[in-house]
Amino acid sequence: MFFKKKSSSFSAKKIAELFRKRQIRPPRAERIKSIAMKALLGMVVLGILGTLGLMIILASLEIPRLEGDAFRGVESTIIYDRAGNPLYTIHGEENRKEIPLSEIPKHVIDATLAIEDDQFYEHFGFDVGGIVKGALYEFFGIGARRGGSTITQQLVKNTLLTSERTITRKLKELVLAIQVERTYGKNEILERYLNTIPYGSNAYGVEMAAKTFFGKSAKDLSLLEAGILASLPQAPSRYNPYGNNRNLLMGSFDDEGDYIPGRKDLVLQRMETLGYISREEHQKALGESSTVEFKRMVGDITYPHFVLYVKELLENKFGKEAVETGGLRVYTTIDPTLQDKAEEVVTRWMETFPET
């Protein structure tokens, strides 16, 4: 007797039926592909909805317009004698003198980029990684606190917006940063930033900061001095070299003689890590730390009676605010040689008169 062997194969119809009844499961690769496609579709939908939502939010924001020289900051007025020697600087809350990027040494620029935004020439106005790290700290306490702001964002915040910590202000900052990057070149943005950033002690911009803290022009700053100035903008009051926290800026030794690095050490280390300076240059700068001299820029006034008279005339003609913030360059007729001689003669003759 012969028996017919049962076939081990299934018909296509039977397989489809079994799939529907979940009696057998699709191959693993097919399931993964299906899940991935659904996830991708979900991400696309969320992206579209998120973009629409963001567009609605941005449309409701009052964003400043970029017209003319939108980033021009206030600048101090300087009164000169007839030979071009400065007699007096008039300023309000912001003491500033603007200089072109070509007059700022490379190591001053590199120090700023190293500590503030080492991807400045690569990004388009904002640093995605920085924003993510900042959000991780704010919402989950992960990592170190950081603002996640690029140099472009800081420029926008300092010139066009306020420093309030709100989501609305941050959105405006991001939109404006992108607009700025599309409107201006990188070097233009960097030049404007270095001329507007606050360094503390009413010094705005790297030129006035150099004169305030070191009594010299920015073009004459050493590597160490550049590192010190680059340390200040993050927290000008906290790192002020004239304050009680000078050790936070310059570093210090504990009771056991161990060195505690300051912020300037972080700047110099970042410069070496990024290849801006060599290890030898780094070590040489550190060796100069004990001899660095901070100077207070005193608002000296030469020939006060004459200068204050000129200041009064200027305020009457242009107004006090324009004189303090308009960056006027006023060349007077006073001759220092003749004036010094006249004062000498008057002083000598005054001594001959009896006291009354």
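Me: Which side chain meets Lys 216 in a salt bridge?
Reply: Keep in mind that this is a predicted model. A salt bridge here needs a side-chain nitrogen of Lys or Arg within 4 Å of a carboxyl oxygen of Asp or Glu. The N to O distance for this pair is 3.1 Å, and the partner of Lys 216 is Glu 225.

Me: Is Glu 225 buried or exposed?
Reply: Lys 216 has 25% relative accessibility, so it counts as partly exposed. Buried means under 20%. Glu 225 has a relative accessible area of 10%, so the word for Glu 225 is buried.

Me: How many salt bridges does the count come to?
Reply: Here's another one to look at: Arg 279 pairs with Glu 272, with their closest N and O atoms 3.6 Å apart. Glu 344 and Arg 348 also form one, at 3.9 Å. By this rule, the count comes to 10.

Me: Which helix holds both Glu 344 and Arg 348?
Reply: Both residues are partly exposed, Glu 344 at 42% and Arg 348 at 43%. In an α-helix there are 3.6 residues a turn, so residues three or four places apart point the same way. Glu 344 and Arg 348 are 4 residues apart, about one turn, and the helix they lie in is H15.

Me: How many residues of helix H7 are buried?
Reply: H7 covers residues 186-196 and is mostly covered. Among its buried residues are Ile 189, Leu 190, Tyr 193 and Leu 194. Out of 11 residues in H7, the number buried is 8.

Me: At roughly what angle do the axes of H3 and H7 cross?
Reply: Two packed helices are described by the angle between their axes and the distance between the axes. The axes of H3 (residues 106-116) and H7 come within 12 Å. These helices are roughly perpendicular to each other, and their axes cross at roughly 90 degrees.

Me: Which residues of H7 make the contact with H3?
Reply: From the H3 side come Ile 109, Thr 112, Leu 113 and Glu 116. By class, the contact has 5 nonpolar, 1 polar and 1 charged residues. On the H7 side, look for Leu 190, Tyr 193 and Leu 194.

Me: What separates the C-alpha atoms of Tyr 303 and Asp 81?
Reply: Tyr 303 is in the loop between helices H12 and H13, and it is buried, at 10%. Leaving out residues up to four places away in sequence, Tyr 303 touches residues including Leu 87, Ile 334 and Pro 336. Asp 81 is 222 residues apart from Tyr 303 along the chain, yet the C-alpha separation is 9.9 Å.

Note on methods: Residues numbered from 1 in each chain as written. Predicted model: local features only at pLDDT ≥ 70, side-chain atom pairs only at ≥ 80, totals over all residues. Heavy atoms only, no water. Buried < 20%, exposed > 50% of the residue type's maximum accessible area, 1.4 Å probe, protein only. Helix = DSSP H or I, 4+ residues; strand = E, 2+ residues; numbered from the N terminus. Axes fitted to C-alpha atoms, helices over the stretch in contact; angles between N-to-C directions. Parallel < 35°, antiparallel > 145°, perpendicular 65-115°, else oblique. Contact = heavy atoms within 4.5 Å. Nonpolar A, V, L, I, M, F, W, Y, C, P; charged D, E, K, R; others polar.
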